[in-house]
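Have the sequence and the 3D view open side by side.

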Amino acid sequence: MQALKRSLEILKSSPALFILLLGFGLFPIYTSMADLPFWNDVSMRIMLLGMAALGLNLVLGFGGMVSFGHAAFIGIGAYSVGISQFYGIDNGWLHILFALLFCAAIGLVIGFLALRTKGIYFIMITLAFAQMLYFFFVSLEVFGGDDGMGVDRASFLIIDLWDPLRLYYLIWIALFAVSLLLLLIINSHFGVILQGIKDNESRIEAMGLSALHFKITAYVASAAICGLAGALFANWQEYVSPDIMHWSRSGELMIVIVLGGLSYIAGPLIGAIVFFLLEEFLPELLYFIAPDYSENWMIIFGPMLIAVVLFTKGGLMAIFEQLHRRITQRQNTT
Amino acid sequence: MTKVSLELKDISKSYGALRASHKLCLSVNKGEIHALIGPNGAGKTTLIKQIYGSEQPDSGQILLNGELINNTSPSLRVRKGIGRSFQISNVLLGFTVLQNALIAELARKGKVFRFFAPAFSDPSLLSGARNILEKVGLLHQSEKLAAEISHGERRLLELALAIATNPQLLLLDEPLAGAGAEESRHITSIIENLKSQHATLLIEHDMDAVFKLADRITVLVEGKTIASGTPDEISNNSAVRNAYLGDGD
Ligand SMILES: Nc1ncnc2c1ncn2[C@@H]1O[C@H](COP(=O)(O)OP(=O)(O)OP(=O)(O)O)[C@@H](O)[C@H]1O
Ligand SMILES: [Mg+2]
């Protein structure tokens, strides 16, 4: 009870996160009134992408480790569901447990090996591990290889997911829990030291702390969160294939984070929303201007991303923060 | 009852053909300030790095309170009682002065793998952090970002972080570097006031400060000890005068 109270208390420290979570929670009411059930589906995709990006951001934004292989953990989470079902395990809670355990274990191994390197080497090693896992699943013919495997929406004991809204709220609760967890972590003893390592690793070492231990711990936690997102993703998509862990997905996660603002807890969620809206509407917009190019919406998105990075120095969240500051200043002066 | 805190036995280290440390022997006792002086490039910082553990000697032994620590990592050496300030300020620039001290206090207490306990709002950590800043007189800048304070104040913060873990052996690499005259006096008096609490190895180019603070002085030139003794002995040593103090009589 105490913990819950503190969690809700701490939510006040990030109004943006609170508003976003509330927005996702109330969104189905809007879609049912406006009769746009398709948008529930979009919202679920955004929440899942946002959840994975939140997980990655623990190492990327708060730990300063540029991991270029986190899609692998989404994939492992998703395959945990598919493979469990293949062997007749239908309990969704067990699927999630497996996803968390496998991702944590594999995250521990990858983190242990990769975190001895820095900079470009770390990026390349994490990418290499992710590619290994990708081709491992491509080669697993039993589980569909390249073509992947079908997944039934799992049953979560009394709660089954025949009604899409139940899946929606399962994902929402998971997103809520992950957000709160991360908010608590980044404000915790562990979290401030992790951010200290990002700022200046040699000073943290000079305080008698082994930076590697903190980095590995963060890496494992972040892998597990991506695994959770992956397990829910399999339920949402009702299908898993190696495609989910393609390297471009890892890049997509990083883009989402950078777009939203990597030093903000709510950054990945904002990034996920904007990224999906752009992915949805930029092609249509482009179709009006230059129909032949409408598939290549990245042509416009690329420069937009660069502009955001160059001019905001902290993603979209930095813009919101500045706006907020200006408004409060104006209120104070009048 | 003097207690030897640090003892170096025949430390040698080369960078290729360059001898940075040549059979160096040196000890620092508790409550004592041992100054290490010498011209630029003499190998002073290199020696500190070997004591701290970020560089390995090619040969020789490093003993901390009698224990051989040659093969331990820097962070473990800090936990065993070494505190270090860097020649170039090495603080957490993106954090406030108070947060810098608070993280050091957190590290000292060792309760670091706590994932839910809030750090920056913890009253006992905050008071510990304020204590640290009070020792160096930096409390008035608590809320400023470490990147925004003056150079001299950053030297103070650097010193504060070095002593925050209550080290038995304090390694100070040019604590006065770049500080103004007033600040230099301030930092010198802090080092003097704290000297009884640990063994201090002090590298410094400011000779006024060195002769004011040091109980013993070792002079290093091109990786070799050319003299070692009390301040009086050193100031009267002709080899030192010729090689370094250079007031050519
Ligand atoms: N990593 C390194 N590789 C090669 N040479 C090095 C390295 N580190 C230091 N040196 C050389 O070793 C010598 C001693 O350097 P050191 O930094 O210990 O000098 P110092 O006595 O601290 O000088 P200063 O008073 O300028 O700080 C110098 O000639 C320096 O160029
Ligand atoms: Mg030096």
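This is a predicted model: local features need pLDDT of at least 70, side-chain atom pairs count only at pLDDT 80 or more; totals for chains, interfaces and linings use all residues.

Is Gln87(B) buried, exposed or partly exposed? Its relative accessibility is 33%, so Gln87(B) counts as partly exposed.

Now look at the sheets of chain B. Strands of a sheet pair through backbone hydrogen bonds, and the pairing is either parallel or antiparallel.

One open sheet of chain B has six strands, in the order E6-E7-E8-E3-E9-E10, and its pairing is mixed. Which strands stand at the edges? They are E6 and strand E10 (224–229) of chain B. Each has a single partner strand, so one side of each lacks a neighbour in the sheet. From one strand to the next, the twist averages 15°.

Strand E3 (residues 33–37) and strand E9 (residues 216–221) of chain B run parallel and are joined by four bridges. E9(B) and E10(B) pair in the antiparallel sense, over five bridges. Thr218(B) has a part in both pairings: Leu36(B) stands opposite Thr218(B) in E9(B), and the bridge partner of Thr218(B) in E10(B) is Ser228(B).

H1(B) touches E3, E6, strand E7 (169–173), strand E8 (199–203) and E9 of chain B. The direction of H1(B) makes about 150° with that of E7(B). Helix H5 (residues 151–164) of chain B lies across E6 and E7 of chain B. H5(B) runs at about 170° to E6(B).

## Two glutamates with positive phi

The hairpin of E9(B) and E10(B) has two residues between the strands. In this hairpin, Glu222(B) takes a positive phi near 50°. Glu174(B) also has a positive phi near 50°, in a residue other than glycine. Where does Glu174(B) lie? It is in the loop between E7 and helix H6 (181–194) of chain B. Glu174(B) is buried, because its relative accessible area is 8%. Glu222(B) counts as exposed, because its relative accessibility is 65%.

## The four-stranded sheet

Chain B also holds an open sheet of four strands, in the order E2-E1-E4-E5, with antiparallel pairing. Its edge strands are strand E2 (18–29) and strand E5 (67–68) of chain B, and each pairs on one side only. Strand E1 (residues 4–15) and strand E4 (residues 59–64) of chain B run antiparallel, joined by five bridges. Lys9(B) stands opposite Gln61(B) in E4(B). H1(B) packs on this sheet, touching E1, E2 and E4 of chain B. Its direction makes about 120° with that of E1(B).

| Strands | Direction | Bridges |
|---|---|---|
| E3(B) and E9(B) | parallel | four bridges |
| E9(B) and E10(B) | antiparallel | five bridges |
| E1(B) and E4(B) | antiparallel | five bridges |

## Helices of chain A

Turn to chain A. Helix H2 (residues 15–33) and helix H7 (residues 164–187) of chain A pack at an angle of about 170°, with their axes 10 Å apart. How do they run relative to each other? At that angle, H2(A) and H7(A) are therefore roughly antiparallel. On the side of H2(A), the contact includes Leu17(A), Leu21(A) and Phe24(A). On the side of H7(A), it includes Tyr168(A), Trp172(A) and Ser179(A). By class, the contact has 12 nonpolar, two polar and no charged residues.

Ser179(A) of H7(A) is buried, with a relative accessible area of 0%. It touches Leu17(A), Leu21(A), Leu54(A) and Leu269(A), leaving aside residues up to four places away in sequence.

Ile10(A) is in helix H1 (residues 2–11) of chain A. It is buried, with a relative accessible area of 14%. Leaving aside residues up to four places away in sequence, Ile10(A) touches Leu180(A), Leu183(A), Leu184(A) and Asn187(A). Ile10(A) and Leu253(A) are 243 residues apart in sequence, and 26 Å apart in space from C-alpha to C-alpha.

Key
Residues are numbered from 1 along each chain as its sequence is written. Chains are lettered from A and ligands numbered from 1 in the order in which they are written. Side-chain values use heavy atoms; hydrogens and water are left out. Buried means under 20% relative accessible area, exposed over 50%, partly exposed in between (1.4 Å probe, protein chains only). Two strands pair if DSSP finds at least two bridges between them. Axes are lines fitted to C-alpha atoms, for helices over the stretch in contact, and angles run from 0 to 180 degrees between N-to-C directions. Contact means heavy atoms within 4.5 Å. Angles under 35 degrees count as roughly parallel, over 145 as roughly antiparallel, 65 to 115 as roughly perpendicular and the rest as oblique. Ala, Val, Leu, Ile, Met, Phe, Trp, Tyr, Cys and Pro count as nonpolar, Asp, Glu, Lys and Arg as charged, and the others, Gly among them, as polar.
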